[in-house]
2 protein chains.
Amino acid sequence: MFEQREKTELANLGEFGLIKHLTQHIKLNQKSTVKGVGDDAAVLDFGNKKTLVSTDMLLEGIHFDLAFTPLKHLGYKAIQVNLSDIYAMNGTASQVTVSIGLSSKFPLEAVEELYEGMLLACKKYQVDLIGGDTTSSKQGLVISVTSIGYAEEKNICYRNGAEEGDLICVSGDLGGAYVGLQLLEREKQVFLSNPNIQPDLEGKDYIVERQLKPEARIDIVDLLAKLEIKPTSMIDVSDGLASEILHITSQSKKGCKIYEEKIPLDPMTVDTAREFGLDPTVCALSGGEDYELLFTIKQADYDKMKHDVDISIIGYITEESAGNYLITKSGNIHELKAQGWNAFKSTTA
Amino acid sequence: MFEQREKTELANLGEFGLIKHLTQHIKLNQKSTVKGVGDDAAVLDFGNKKTLVSTDMLLEGIHFDLAFTPLKHLGYKAIQVNLSDIYAMNGTASQVTVSIGLSSKFPLEAVEELYEGMLLACKKYQVDLIGGDTTSSKQGLVISVTSIGYAEEKNICYRNGAEEGDLICVSGDLGGAYVGLQLLEREKQVFLSNPNIQPDLEGKDYIVERQLKPEARIDIVDLLAKLEIKPTSMIDVSDGLASEILHITSQSKKGCKIYEEKIPLDPMTVDTAREFGLDPTVCALSGGEDYELLFTIKQADYDKMKHDVDISIIGYITEESAGNYLITKSGNIHELKAQGWNAFKSTTA
């Protein structure tokens with residue numbers, strides 16, 4: 001967890017030396033990348049398709065804790081989080097830019113690890129790293145990623161296209177990333193109070209990975225294309241199911257009903273949530289960081305995907321005046337509220 | 001300088017509330033903007049032109065000092081700095097995304113001021129603000145901007161196209177931003193040692209503005225088009241003349257000779273540099289942040305622009321083996337070195 005490695009000081013390399021060092025292994029694969037790193041701007045060519053652009057910022061102490069986040073995982077996740085937004089438009093991601101703010105006490109080897117994780121994600125998701133900015137930071141580590149992609153105009157899924165009667169679908173399972181974070185924070189506290197005790201994460205691989213190394217769901221975008229389903233609306237689950245569904249209904253000027261029993265939860269998420277005295281459903285609704293895709297489809301498309309076990313239908317779209325409600329397992333009705341992670345109130349430490 | 005204003009706490013607004021509040025006045029003007037803020041990604045359409053992308057990160061304590069940087073100016077500058085990179089490709093900037101990390105103690109009014117400056121720059125330079133990310137920061141203010149633009153393929157100017165015999169040109173004047181910074185830092189120290197002494201910047205407007213409110217040189221890009229000159233290479237002056245010219249010669253596999261007496265300096269820059277015991281030429285070579293355009297042109301194009309007073313010809317490109325040299329006013333020859341601002345060694349504040 002806190003192993004010792006050889007260290008090279010960044011100050012000896014300088015900004016240009018560091019950029020050269022880090023970017024020497026970048027390979028460009030995308031036809032649309034005309035020019036990558038090395039000039040004032042990258043040059044792209046999307047022909048007649050629409051270009052998609054999304055950006056996210058990750059700050060130490062807010063979005064990640066270096067005490068339990070391996071840098072390689074962090075780099076990987078920083079890219080994923082961003083690609084997920086392009087996939088949530090039903091698009092194909094093709095390029096990313098990466099800006100990093102580093103403490104000058106950060107050794108080169110640490111930056112290399114971070115970059116290694118980023119390049120691994122780029123390779124896996126077939127996107128080109130085309131540029132960025134590297135600077136020193138007086139405080140913590142800062143990572144800002146912008147992703148670029150494309151789509152045929154007719155295939156783009158906005159948040160505002162849901163219609164009354166549409167089915168609400170979500171990929172994978174929810175709440176795991178949040179419960180995984182609780183576990184990592186508990187083990188950090190144990191470690192801080194007694195550094196001789198090694199973290200006990202045995203048998204919890206799945207939820208720890210959900211937190212540290214989420215995978216953006218390009219496979220769902222591909223599956224939908226194969227099934228010839230165009231969602232009427234789509235969004236990725238970064239802030240929690242409740243918050244995301246309310247984005248869709250408010251932008252579509254509709255309401256919704258979702259069913260607690262239909263929300264997909266992994267057994268490990270359920271068990272571990274209970275260990276922490278948390279309601280697993282609340283973890284799914286408000287936990288966030290699952291990076292699954294939430295989307296609505298026409299009822300007529302139901303037959304095409306009813307056999308797909310990795311997509312759950314959790315409710316349906318209603319008229320706006322009917323409001324947004326969760327029907328609990330016991331049949332109670334609760335108004336859905338966005339209690340998602342509020343970046344200005346609760347922060348991880 | 002440190003006036004008191006009404007304050008609204010960000011925590012009461014929440015992330016979505018803040019985004020909604022800040023983005024409500026954004027107007028989209030670019031034909032290429034299909035969808036701006038409000039979905040997972042923005043959607044752009046560049047038809048058959050090439051798309052240009054550039055990104056920069058500004059960190060408090062490294063790139064700016066809030067003690068003497070008005071937030072509106074900071075917002076304005078953050079956009080400029082980025083657009084400058086698109087212009088340095090001989091392109092047209094069309095969109096920007098903005099990610100901001102804010103301390104939760106930052107009042108809403110301060111964020112509004114920052115945003116106001118950004119939107120003012122967007123309006124002036126006719127670019128659309130199409131998205132971004134807003135999050136809390138445990139440390140200082142963090143701003144990351146990505147700009148997007150376009151150009152016809154035949155018009156794009158890379159750094160690597162300079163040929164032997166080409167003339168080296170630079171717009172405007174150099175060194176002013178750096179000398180302006182020295183002035184602001186001195187007045188900050190005076191203020192800190194005695195808060196009753198008001199800053200004495202009288203008569204220094206030009207160089208203070210060069211530091212606080214630089215203007216990206218879209219007018220030079222337009223002028224070159226009007227004169228039917230396509231530079232053989234181009235870069236913007238962010239790190240200092242020496243560093244930028246070495247980017248051009250190393251990427252073009254050429255050398256250069258530049259003449260000290262030809263480097264454009266404003267009289268105020270010269271006088272104030274001397275007040276500080278600085279060599280004005282060194283301020284131009286290594287100061288940075290001038291955001292002028294440095295470019296090379298074929299000798300045959302000289303006649304087209306010899307009457308333009310806002311462009312100076314400062315030297316010429318040589319073969320690579322001849323090296324990179326500065327000829328001083330006294331006729332001495334110095335090897336050019338990139339002593340530009342090293343983000344990992346010297347930092348402001």
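How many salt bridges does the rule find across the interface of chain B and chain A? The rule finds two. A salt bridge here is a side-chain nitrogen of Lys or Arg within 4 Å of a carboxyl oxygen of Asp or Glu.

This is a predicted model, in which local features need pLDDT of at least 70, side-chain atom pairs count only at pLDDT 80 or more, and totals for chains, interfaces and linings use all residues. Residues are numbered from 1 along each chain as its sequence is written, chains are lettered from A and ligands numbered from 1 in the order in which they are written, and side-chain values use heavy atoms, with hydrogens and water left out.

**The interface**

Chain A puts 77 residues into the contact, and chain B puts in 77 residues. Contact means heavy atoms within 4.5 Å. Together the two chains bury about 5900 Å², and 56% of that area is on carbon and sulfur atoms. Buried area is the accessible area (1.4 Å probe) that two parts lose on being put together, summed over both.

Twelve residue pairs are in polar contact across the interface of chain B and chain A, both residues being at pLDDT 80 or more. A polar contact is a pair of N or O atoms within 3.5 Å; within protein, one must be able to donate a hydrogen and the other to accept it, and residues adjacent in sequence count only if both atoms are side-chain atoms.

On the side of chain B that touches chain A, strand S3 (residues 50-59) of chain B gives the most, with nine residues. By class, that side of chain B has 33 nonpolar, 28 polar and 16 charged residues. Ala, Val, Leu, Ile, Met, Phe, Trp, Tyr, Cys and Pro count as nonpolar; Asp, Glu, Lys and Arg count as charged; the others, Gly among them, count as polar. Helices (H or I, at least four residues) and strands (E, at least two) are DSSP runs, numbered from the N terminus.

A strand pairing also crosses between the chains. Strand S3 (residues 50-59) of chain A runs antiparallel to strand S2 (residues 42-44) of chain B, joined by three bridges. Two strands pair if DSSP finds at least two bridges between them. Val53(A) is opposite Ala42(B) in S2(B).

**Salt bridges**

Over all chains, the structure holds 32 salt bridges. Side chains of opposite charge can pair when their charged atoms come close. Two examples follow.

| Asp45(A) | Lys50(B) | 3.0 Å |

**Strand pairing within the chains**

In chain A, strand S9 (residues 254-259) pairs with strand S12 (residues 324-327) in the parallel sense over four bridges. Ile258(A) has Leu326(A) as its bridge partner in S12(A). S12(A) also runs antiparallel to strand S13 (residues 333-335) of chain A, with three bridges. There, Tyr325(A) is partnered by Glu335(A). S12(A) and S13(A) form a hairpin with five residues between them, and Gly331(A) in the turn has a positive phi of about 90°.

In chain B, strand S9 (residues 254-259) has two pairings described here. With strand S11 (residues 311-319) of chain B, the pairing is antiparallel, over five bridges. Lys257(B) is bridged to Tyr316(B) in S11(B). With strand S12 (residues 324-327) of chain B, S9(B) pairs in the parallel sense over four bridges. Ile258(B) has Leu326(B) as its partner in S12(B).

**Positive phi**

Glu289(A) is not a glycine, yet its phi is positive, near 70°. Glu289(A) lies in the loop between helix H9 (280-286) and strand S10 (293-297) of chain A. Asn90(B), also not a glycine, has a positive phi of about 65°. Asn90(B) lies in the loop between helix H2 (71-87) and strand S4 (92-102) of chain B.

**Annotated positions**

An unreviewed UniProt entry places the feature "binding site" at Tyr115(A), Gly132(A), Asp133(A), Arg159(A) and Ser238(A). They span 124 residues in sequence and their farthest two C-alpha atoms are 32.3 Å apart, so they do not all gather at one spot. UniProt positions are given in the numbering used here, feature names are shortened, and annotations may be inferred rather than shown by experiment. Gly132(A) is in strand S5 (residues 128-136) of chain A.
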